[in-house]
Amino acid sequence: MAALSSVPGQLAALTDDFTAGEGILRRQAQRESAARTYARSLPVVPVRARGMTVEGADGRRYLDCLSGAGALALGHNHPVVLEAIRSVLDSGAPLQVLDLATPVKDAFTTALFETLPAELAEHGRIQFCGPTGADAVEAAVKLARIATGHGGLLTFSGAYHGMTAGALAATGDVVARSSAGAQDGRITRLPYPYDYRCPFGVGGDRGAELSARWAGQLLDDPKGGVPPSAAMLLEAVQGEGGVIPAPDAWLRRMREITAARGIPLIVDEVQTGVGRTGTFWAVERSGIVPDVMVLSKAIGGSLPLAVTVYREDLDAWRPGAHAGTFRGNQLAMAAGAATLRFVRQHALDERAETLGNRLMGRLRGLAAHHACIGDVRGRGLMIGVELVDAVAEPDELGARPNAPHLAARIQQEALRRGLIVELGGRHGSVVRLLPPLTITDEQAEAVLDRLASAIEAAQAAGRGGPA
Ligand code: PLP
C-alpha cells in the first residue's frame, strides 16, 4: 500500500525535478523494444495534460496536434470524460466484465447507435472487440469472410488498418483459421485516388474516375486474377497513408461497385470517426452507408475501445467466433459515451469543418511562399502538409519528389517551438495535424505560427546540407 500511495507523491516530485525526465528517457531507450515508435521522434515525458496542452517532466509545455494518434476528440482529460470515469469508479461497478451486459455498456451502445447512419442504427449489430482498432479490423474481415464464404479482400494502395494482419493466420486453432479464411495471400490492392500523385497521371475528378473504373473492370475480368471477394475495405480519408481524402463521387462509385456485385463494403472509421473530418462519421459527407463500420480511437474517450457495427443479415458467425478477454472496458465505455454525446451536443463536427477549412486556407497561403510545401489537404481537423524537394523538377502534374529529411527536421523544429506533430504518408513526408476538436481559435493561431516558424528553420538548416 505504501508503494501505491506514494505514486502521486512521486509524480509531484517529478514535476519539480526537471532533470528526472532525462533519466526516464534514458531508461526507456535501454529497456524498451526497438519497435517503439512515437517515443523516438518525440522525446517528451508527459506528466500533466489538459485539453490541447501537454506538460513535460522538464516543465516545457506543448500544443499537442497528435492527440494520441487521433484518439482524443476532446483533448486530454476533458472534464466530462473525467466525470464519467469517476462516476463508474465511485459506483462500485465491476471493471472487468468480459462481454457481459452492464448498464454502462448499454448506455454506450445507445449513445453510439444514436450517431450511426439510420440504416445501420435500425438494422445493425455491434461486436465489441479487443480494445484496438486492428482487432476490430480483423473482426470485420473475419465476419465478411464467414458471411460471404469468400476469402478475397479488396484493399487500397496507401491503406493502413493496424498491425495484426498475421495474428489469425498464426493461430493454432485450425477450425477458427479455416472458417475465417485466414490463409491470406488473397488481397487485391486497388489504386486509391491520390490527387497530388495521381497513379494515372491526370489527377482531379478524372483521376478518381479512372481509379473507380480500374476497380470495376478488374472485378469483372475473369482473367483479372481477383479471387472471389469477401469485402472491400477502405478509409474515407487515409490517415497514416498521408491524409488523403477520397472524393465523395469516388466513394459513391465504390458503394455502387460493391453493392452491384454483392460485396460487403467495410469502412474503417478508426481514425476519421467522431467528428474528426467535419461530419460525425466520414461516410456522411458522401452519403454512402457501408455494410460494416470499424470504430475505435475516439469512441473510447481516450481509453481503449474498439467495435465493429454491421448490417444484421451479415451476422452469420458462430458464438465465440471473435472472442477476447478485454472486450468490456467499463471506464472506456463511460468515457466514450460522454465523448460521443459532447461532440454531438456541441456540434464539434461542424466546428472541425469550419476551423479545418480555415487552417487549410492559411496553410495554402504558406505554401504559396514555400515551394517545399507540395500539397495541403485534408477534411475537417485531419490535415496533411506534404513536403517536397523544392529544387527538383516537378512531374507532369506539378508534383515534386518527397522530402522526408525536411519533414523530419520540421517535426523536430516544431517540437523545439512547443508543438507536437506527427509524420505520415509516403516516405514519412507528410506533416499531419490532428488537433482535438476543442482547439480554440487562439491555439489554432499558435499552431500555425509555430509550424510556419519550424518550416522556415528546417529549410534554413537544410540549406547547410541533408539532416
Ligand atoms: N485503422 C486505421 C484507419 C488507423 O488509423 C489505425 C491506427 O492508426 C488502425 C486501424 C489501427 O488501430 P490500432 O492502432 O488501435 O490497432
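**A sheet and its surroundings**

In this predicted model, Val267 has Met293 in strand 11 as its bridge partner. Strand 10, residues 265-268, and strand 11, residues 292-295, are joined by three bridges and run parallel.

These two strands belong to an open sheet of seven strands, whose order is 4-12-11-10-7-5-6 and whose pairing is mixed. Strand 4 (124-128) and strand 6 (187-190) stand at the edges of the sheet. Each of these two has a single partner strand, so one side of each is left without a neighbour in the sheet. On average, and with direction ignored, neighbouring strands of the sheet are turned by 20 degrees against each other.

Helices also pack on this sheet. Helix 6, formed by residues 103-113, touches strand 4, strand 11 and strand 12 (307-311). The direction of helix 6 makes about 130 degrees with that of strand 4. Helix 10, formed by residues 204-220, packs on the sheet as well, where it touches strand 5 (152-156), strand 6 and strand 7 (229-234). Its direction makes about 150 degrees with that of strand 6.

Is Leu63 buried or exposed? Its relative accessibility is 8%, and because buried means under 20%, Leu63 counts as buried. Leaving aside residues up to four places away in sequence, Leu63 touches Met52, Thr53, Gly418, Leu419, Ile420, Gln443, Ala446, Val447 and Arg450. Leu63 and Leu415 are 352 residues apart along the chain, and their C-alpha atoms are separated by 9.1 Å.

Methods
Residues are numbered from 1 along each chain as its sequence is written. This is a predicted model: local features need pLDDT of at least 70, side-chain atom pairs count only at pLDDT 80 or more; totals for chains, interfaces and linings use all residues. Side-chain values use heavy atoms; hydrogens and water are left out. Buried means under 20% relative accessible area, exposed over 50%, partly exposed in between (1.4 Å probe, protein chains only). Contact means heavy atoms within 4.5 Å. Two strands pair if DSSP finds at least two bridges between them. Helices (H or I, at least four residues) and strands (E, at least two) are DSSP runs, numbered from the N terminus. Axes are lines fitted to C-alpha atoms, for helices over the stretch in contact, and angles run from 0 to 180 degrees between N-to-C directions.
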